[in-house]
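Me: I have just opened a structure that is new to me. Could you take me through it?

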Amino acid sequence: MIGWLLATAGTAALGSVLPVVNIELYLLGVLSTVEGPVWWALGLAAAVGQVAGKTLFYLAGKGSVTLGERLGRMTRAKAGSRWVGWMERFRQKNEQRPWWGRGVLFLSAIPGIPPFTLMCFASGAAGIRFGWFLLAGLAGRAVHFLIVAGAPEFIGRLPAFG
């Protein structure tokens, strides 16, 4: 069981940085073929792994690390650009109402819309504290992955599918 949890967290961390790795498909595959892992434990492991990987984007938003040329351009965007205007409005709203920024991060983490990667980057740039980033991101991703991992279990219990 511990091996599957570690593998799931690692796959989620990898998938959070390399979008070609789809953690949702991985979860469904493991749960449908392997006997033993508990769906909710795998869902939580996926959430932890994904937020661990997304921390790189948060730190890039803060300017602590560089993640390639494309994100580097976003941190050095010219004044007056659409990106800088959006980031400035997000930062100002976050300063005026800190719970607003945390709530937006939490809500975007559930469905991944707007892209959660972008919200991680924006959270770092807007000055959301690291602890709040971890808490809001982990809570939202936990909801997401618990829904994904629990779906086969709950669908299997429906009279039409059982």
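**Charges, fold and selected residues**

Reply: The protein chain carries 15 positive and 6 negative side chains, and the centres of these two sets are 12 Å apart. Please keep in mind that this is a predicted model.

Me: How many salt bridges does a search of the whole structure find?

Reply: The search of the whole structure finds one salt bridge. It joins E95 and R91, whose closest N and O atoms are 2.4 Å apart.

Me: Let us step back. What does the secondary structure of the protein chain come to?

Reply: It comes to eight helices and zero strands. Read from the N terminus, the elements run α-α-α-α-α-α-α-α.

Me: What does the C-alpha trace span along its principal axes?

Reply: The C-alpha trace of the protein chain spans about 55 × 30 × 25 Å.

Me: What share of the residues is buried?

Reply: Of the 162 residues in the protein chain, 36% are buried. As for the surface, the chain exposes about 9,200 Å², and carbon and sulfur atoms supply 67% of that area.

Me: Please give me an example of a buried residue. Where is Q50?

Reply: Q50 is in helix α3, which comprises residues 39-62. It counts as buried because its relative accessible area is 6%, and buried means under 20%.

Me: What is Q50 in contact with, leaving aside its neighbours within four places in sequence?

Reply: Q50 is in contact with A12, A13, S16, I23, R141 and F145.

Me: Now to H144. Which helix holds it?

Reply: H144 is placed in helix α8, residues 130-157. With 13% relative accessibility, H144 counts as buried.

Me: What does H144 touch, not counting residues up to four places away in sequence?

Reply: H144 touches E24, A109, I110 and P111. Its C-alpha is also 8.5 Å from that of G112, and H144 and G112 are 32 residues apart in sequence.

Me: I also noticed L138. Where does that lie?

Reply: L138 lies in helix α8 as well. At 34% relative accessibility, L138 counts as partly exposed.

Me: Which residues does L138 touch?

Reply: Not counting residues up to four places away in sequence, L138 touches A47, V48, V51 and F133. L138 and L44 are 94 residues apart in sequence, while their C-alpha atoms are 8.9 Å apart in space.

Me: And L25, which helix is that in?

Reply: L25 is found in helix α2. The residue is exposed, with a relative accessible area of 58%.

Me: How many residues lie between L25 and V148 in sequence terms, and what is their distance in space?

Reply: L25 and V148 are 123 residues apart in sequence, and the distance from C-alpha to C-alpha is 9.2 Å.

Me: One last topic, the surface. Which residues form a nonpolar patch there?

Reply: The patch is formed by L14, V17, L18, V20 and L56. Together these residues have about 440 Å² of accessible area.

Me: Where does V20 lie in relation to the helices?

Reply: V20 lies in the loop between α1 (2-17) and α2 (23-33).

Me: Why does V20 count as exposed?

Reply: V20 counts as exposed because its relative accessibility is 76%, and the term applies over 50%.

How values were computed:
Residues numbered from 1 in each chain as written. Predicted model: local features only at pLDDT ≥ 70, side-chain atom pairs only at ≥ 80, totals over all residues. Heavy atoms only, no water. Patch = residues over 30% accessible without salt bridge, like charges linked within 9 Å, V, L, I, M, F, W, Y side chains within 5 Å. Areas by Shrake-Rupley, 256 points an atom, 1.4 Å probe, with all protein chains shown as cover. Salt bridge = Lys/Arg side-chain N within 4 Å of Asp/Glu carboxyl O. Helix = DSSP H or I, 4+ residues; strand = E, 2+ residues; numbered from the N terminus. Buried < 20%, exposed > 50% of the residue type's maximum accessible area, 1.4 Å probe, protein only. Lys, Arg positive; Asp, Glu negative; His and termini not counted. Charge placed at Lys NZ, Arg CZ, Asp CG, Glu CD. Contact = heavy atoms within 4.5 Å.
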